[in-house]
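I open this notebook to record what I looked up in the structure. The entries follow the order in which I went through the chain.

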Amino acid sequence: MDSVATLENSIKAFKLTEKYHGDAVSLERALFLGWYCSLNDPCKFCFMSTQKQKIKEPLRARRRIESILAESIIMKRIGWKLEFISGGYGYTTEELNDTIEMVSYVQGSKQYLNVGIIDFENINLENIEGVVGAVETVNEKLHKEICPGKPIDKTKEMLIHAKDNGLKTGITIILGLGESEKDIETLLNMIEELELDRITFYSLNPQKETIFEGSASITTLEYMNWISSVRLNFPKVKIATGTWVDKLTNIGPLIMAGSNVITKFPLFSLYGKKEGKTVENEIYSTGRNLYGSFSDIDALKGLKLAKNTKYVDEKISISSKNLDAVERMKKDVDKKIEGYIKKALKTPFSDFGE
Ligand code: SF4
């Protein structure tokens, strides 16, 4: 990698991002449905692959809908969009339809989905804004080794169907799986071929009991090289970049390289604490503004609206069955919200908290 070229490209990418995406950066977070993935051959980097043998009753490894709705409500309060509704494989289309409907309803916002291969015949598209395919790595050889259970071609096919159905599309890419700089070209070709609207990058967070346990992260300059290459070639694409608690100071450089969304935090452990402030300061240090907050306790408590927010009220259709269910669960959802706020206010930060 030519580090000087990466920095020069980043300056161009930064300016291009402002031209097409404005002067503010958003915070987003994936909404997880559970801890179990039904893929027979789970992905070798994934936390869920380490849990599969330990989970005897997969249905009990799902989050309760009350907790999912509570988190959705808090996200709206603090001005964070849900990056996508995400879970391993194994959710029925009926379950997904109900969850999407209820989450969209409490947020007044349509959602992105990242839940494996979607059954377009039966999914209710009314409240879906887009679909994300978990590509993880564009290096085919590596993909076959690391994600044997979800061939790239099937994911691509699904994204093409999603476009045919009028939806926006995106992919996720994890850096640090063993890819090389040459793979950037393959990624650029994929973005063009699939006409993607968004791409989420993560820097691998090595999980215990996986083949990546103890492995080193990619460097910030390498990460910047991927981001700036995408931004320079696709000025309009939304680029979300994931970080982690031990890498918060890469946020500024990632924004300089063309990222316009920051994601992947253990939110409730960091909110309002020095780590949350660090995230905000990293964003402000680039000269950009921020949508949402990582520190405003009144916003978290629902006492006021977050200052800048990406939310615009959208018309959400919900069945009377699901509307009744949301009404019935209101007390439990409120209790859950209180629990999350308590966690944010009291729990000292722990890397394993969420
Ligand atoms: S499909 Fe997703 S949840 Fe399932 S093993 Fe792969 S990365 Fe993990």
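I count a contact when heavy atoms lie within 4.5 Å. I work with a predicted model, in which local features need pLDDT of at least 70 and side-chain atom pairs count only at pLDDT 80 or more, while totals for chains, interfaces and linings use all residues. Residues are numbered from 1 along each chain as its sequence is written, and side-chain values use heavy atoms, with hydrogens and water left out.

**Entry: Gly-130.** I take helices (H or I, at least four residues) and strands (E, at least two) as DSSP runs numbered from the N terminus, and on that basis I find Gly-130 in strand β4. I call a residue buried under 20% relative accessible area, exposed over 50% and partly exposed in between, with a 1.4 Å probe and protein chains only; Gly-130 is buried because its relative accessibility is 0%. Leaving aside neighbours within four places in sequence, I list Gln-111, Tyr-112, Leu-113, Leu-167 and Lys-168 as the contacts of Gly-130. I also looked up the C-alpha separation of Gly-130 and Ile-255, which is 24 Å for 125 residues along the chain.

**Entry: Thr-137.** I find Thr-137 in the loop between β4 (128–136) and α5 (140–146). Thr-137 has a relative accessible area of 2% and therefore counts as buried. Not counting residues up to four places away in sequence, Thr-137 touches Leu-142, His-143, Ile-152, Ile-173, Leu-177 and Glu-179. A polar atom of the Thr-137 side chain lies 3.3 Å from the backbone nitrogen of Asn-139.

**Entry: strand β6.** Why do I describe strand β6 as largely enclosed by the rest of the structure? I do so because 6 of the 6 residues of β6 (residues 198–203) are buried. Arg-198, Thr-200 and Tyr-202 point one way from β6, Ile-199, Phe-201 and Ser-203 point the other way, and all are buried. In a regular strand the side chains alternate between the two faces of the sheet.

I treat two strands as paired if DSSP finds at least two bridges between them. Strand β5 (residues 168–175) pairs with β6 in the parallel sense over 6 bridges, and Arg-198 in β6 is the bridge partner of Gly-170. Strand β7 (residues 238–242) runs parallel to β6 and is joined to β6 by 4 bridges, with Ala-240 in β7 as the bridge partner of Thr-200. The chain crosses from β6 through helix α8 (residues 220–233) to β7 in a right-handed β-α-β crossover, where right-handed means that, with the strands pointing away from the viewer, the path from the first strand over the helix to the second runs clockwise. I note a right-handed β-α-β unit made by β5, helix α7 (residues 183–194) and β6 as well.

**Entry: Ser-229.** I place Ser-229 in helix α8, and Ser-229 is buried, with a relative accessible area of 14%. Not counting residues up to four places away in sequence, Ser-229 touches Ile-184 and Leu-188.

**Entry: cysteines.** How many disulfides does a search of the whole structure find? I get 0 disulfides, taking a disulfide as a pair of cysteine sulfur atoms within 2.5 Å. Cys-147 is in no disulfide, and the nearest cysteine sulfur, that of Cys-43, is 4.0 Å away. Cys-147 is buried at 1% relative accessibility, whereas Cys-46 is partly exposed at 22%.

Conventions
A polar contact is a pair of N or O atoms within 3.5 Å; within protein, one must be able to donate a hydrogen and the other to accept it, and residues adjacent in sequence count only if both atoms are side-chain atoms.
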